[in-house]
Amino acid sequence: MEKSYLKDVYDGGTNDSRELYASWAATYDKEVKKNGYVTPQRVAKALRDFVTNQSDFILDYGCGTGLSGHALQAVGFENIDGLDVSQEMVSLAEEKSIYKNLRVFDPFTEIPVHSDQYKIITAIGVIGAGAAPLQVFDSLFSLLPQNGLFAFSFNDHTLNDPNYEKKVEKYLGNGHATILHKSYGNHLPKANLKSNIYILKKL
Ligand SMILES: C[S@@+](CC[C@H](N)C(=O)[O-])C[C@H]1O[C@@H](n2cnc3c(N)ncnc32)[C@H](O)[C@@H]1O
């Protein structure tokens, strides 16, 4: 029987998940699809309503094997770049020919993107338990121009740690962002997991 990584991923912390994703890459799509993974479609549909020009470049941060990019493309986004820390995940994304540019970087170095390069950044299934640490939220937000959009999700495991929601509240409270969308819904329904999805606009 194939190993289920969904059992391991949320115990893994957020320091360096590269080994986990290297092992999971080959069966990732199959396992998450089997569990009804739907957060990418939810984020993509919500984002579409706030973007007037669907040819604006999007950075799909933590693109993995490309399921998030696929969902963005399916609702009409034309120019999507992918960035991730796992070569194994990105190699599979490459085969799907969704992304205009795909890059792998070392999570212990700076994100290889310059300020204002993207008006839209997504981090779908990326920040929180089993993947990227909360500081990534600040780094990504700082890369956006004024009026830029940040679309991301926190799953139930991540929401169990109040620091993640507090981070969002902080940006809203100090006037650095306004919230265009927030909804709670299915994440991996067959694994009984839900997620919050958010779209913030930088003020
Ligand atoms: C659960 S997968 C989600 C992938 C894709 N967005 C999707 O919706 O299928 C999490 C991804 O985050 C990546 N990741 C983990 N830590 C990261 C970090 N610090 N920066 C960027 N990506 C990271 C992993 O390599 C993995 O591809």
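Why does N79 count as buried? Its relative accessibility is 13%, and buried means under 20% relative accessible area, with exposed over 50% and partly exposed in between (1.4 Å probe, protein chains only).

This is a predicted model, in which local features need pLDDT of at least 70, side-chain atom pairs count only at pLDDT 80 or more, and totals for chains, interfaces and linings use all residues. Residues are numbered from 1 along each chain as its sequence is written, and side-chain values use heavy atoms, with hydrogens and water left out.

**Around N79**

N79 sits in the loop between α4 (67-74) and β2 (80-84). Helices (H or I, at least four residues) and strands (E, at least two) are DSSP runs, numbered from the N terminus. Contact means heavy atoms within 4.5 Å. Leaving out residues up to four places away in sequence, N79 touches Q54, S55, D56, F57, I58 and K100.

| Pair | Distance |
|---|---|
| N79 side chain, S55 backbone oxygen | 2.8 Å |
| N79 side chain, K100 side chain | 3.4 Å |
| S68 side chain, ligand nitrogen | 2.9 Å |
| D84 side chain, ligand oxygen | 2.6 Å |
| I124 backbone, ligand nitrogen | 2.8 Å |

**The ligand**

The ligand is surrounded by 21 residues. A residue is near a molecule or strand if one of its heavy atoms lies within 4 Å of it. The closest are Y28, Y37, Y61, G62 and D84.

**Helix α4**

S68 is also one of the buried residues of α4, together with L67, G69, A71 and L72. Their cover includes α2, α3, β1 (58-61), β2 and β4 (120-123). Just after α4, G76 takes a positive phi of about 115°.

**Two cores**

A nonpolar core is a set of buried Ala, Val, Leu, Ile, Met, Phe, Trp, Tyr and Cys residues joined through side-chain atoms within 4.5 Å. The largest one has 37 residues, and W24, L47 and F77 touch the most other members. At least two residues each come from α1 (6-9), α2 (18-34), α3 (39-48), α4, α5 (87-95), β5 (149-155) and β7 (193-202). The largest share, five residues, is supplied by α2. Beyond its neighbours within four places in sequence, L47 contacts I58, L72, F77, I120, T122, L149, A151 and I199. A second, separate core of 28 residues includes F105, F141, L143 and F150.

**Aromatic rings**

Rings of Phe, Tyr and Trp (its six-membered ring) pair if their centres lie within 6.5 Å; planes under 30 degrees apart count as stacked, over 60 as edge-to-face and the rest as tilted. The structure has 14 aromatic pairs. One of them, F152 with Y198, is stacked, at 4.7 Å centre to centre and 10° between the planes. This pair links distant parts of the chain, since F152 lies in β5 and Y198 in β7, 46 residues apart. F152 counts as buried because its relative accessibility is 0%. Y198 is buried too, with a relative accessible area of 1%. F152 and Y198 belong to one aromatic cluster that also holds F137, F141, F150, F154, Y164 and Y171.

Key
A polar contact is a pair of N or O atoms within 3.5 Å; within protein, one must be able to donate a hydrogen and the other to accept it, and residues adjacent in sequence count only if both atoms are side-chain atoms.
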